[in-house]
Amino acid sequence: EADTVVFGLGGAALNAMVRNSPELAQYSDFRKFANLRGTGVLATRLYLDTVLDTEYSANACWGFDEGVGMTFFDITKLHGLDVTNRTD
């Protein structure tokens with residue numbers, strides 16, 4: 001018995017865990033997770049010492065490996081930040 005359970009995994013892993021666990025599958029709330037579809041995501045924020053001029057706030061890239069792609073978000077453009085006179 002537990003007051004709270006926290007799962008730190010992606011949708012596909014949670015789906016597989018519920019499908020393969022009779023203990024979890026007995027609860028309807030957990031069975032709903034077995035219907036999840038999605039992708040694994042990794043987010044990384046890079047702080048560069050040089051301003052990069054990007055054309056768009058979201059820049060899609062792919063073609064590195066089969067089924068792998070990425071989107072480079074220019075946070076300064078998304079949030080309307082002026083970095084032209086930045087000194088820090």
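# Questions on a predicted model

Trainee: Which helices are among what covers the buried residues of helix 1?

Mentor: In this predicted model, the buried residues of helix 1 are Leu 14, Asn 15 and Val 18. They span an arc of only 105 degrees around the axis, which puts them on the same side of helix 1. The cover over these buried residues includes helix 2 and helix 3 (28–31).

Trainee: Which element has the highest mean pLDDT?

Mentor: The protein as a whole averages a pLDDT of 79, and 88% of its residues score at least 70. Among the elements, helix 1 (residues 11–19) has the lowest mean, 80. The highest mean, 88, belongs to helix 2 (residues 22–25).

Trainee: How many bridges join strand 1 to strand 2?

Mentor: Strand 1 covers residues 58–62 and strand 2 residues 69–73, and the two run antiparallel. Ala 58 stands opposite Phe 73, while Trp 62 has Gly 69 as its bridge partner. The number of bridges joining the strands is 5.

Trainee: Which residue in this hairpin takes a positive phi?

Mentor: The hairpin of strand 1 and strand 2 has 6 residues between the strands. The positive phi is near 100 degrees, and the residue that takes it is Gly 63.

Trainee: Is Asp 74 buried or exposed?

Mentor: The side chain of Asp 74 meets that of Lys 77 in a salt bridge of 3.5 Å, N to O. Lys 77 has 36% relative accessibility and so counts as partly exposed. For Asp 74 the relative accessibility is 7%, and because the cut-off is under 20%, Asp 74 counts as buried.

Trainee: How many residues apart in sequence are the parts tied together by Asp 53 and Lys 77?

Mentor: The side chains of Asp 53 and Lys 77 meet in a salt bridge at 3.8 Å, N to O. Asp 53 lies in the loop between helix 3 and strand 1, and Lys 77 in helix 4 (residues 75–78), so the pair ties together parts whose separation in sequence is 24 residues.

Trainee: Which residues are linked in a network of salt bridges?

Mentor: The count of salt bridges comes to 3. One of them pairs Asp 29 with Lys 32 at 3.8 Å, N to O; Asp 29 counts as exposed at 52% relative accessibility, and Lys 32 counts as exposed at 56%. Lys 77 meets Asp 53 and also Asp 74. The residues linked in a network are therefore Asp 53, Asp 74 and Lys 77.

Terms used
Residues are numbered from 1 along each chain as its sequence is written. Side-chain values use heavy atoms; hydrogens and water are left out. Two strands pair if DSSP finds at least two bridges between them. Helices (H or I, at least four residues) and strands (E, at least two) are DSSP runs, numbered from the N terminus. pLDDT is the predictor's confidence in each residue, from 0 to 100. Buried means under 20% relative accessible area, exposed over 50%, partly exposed in between (1.4 Å probe, protein chains only). The arc is that of the directions from the helix axis to the C-beta atoms. Contact means heavy atoms within 4.5 Å. A salt bridge is a side-chain nitrogen of Lys or Arg within 4 Å of a carboxyl oxygen of Asp or Glu.
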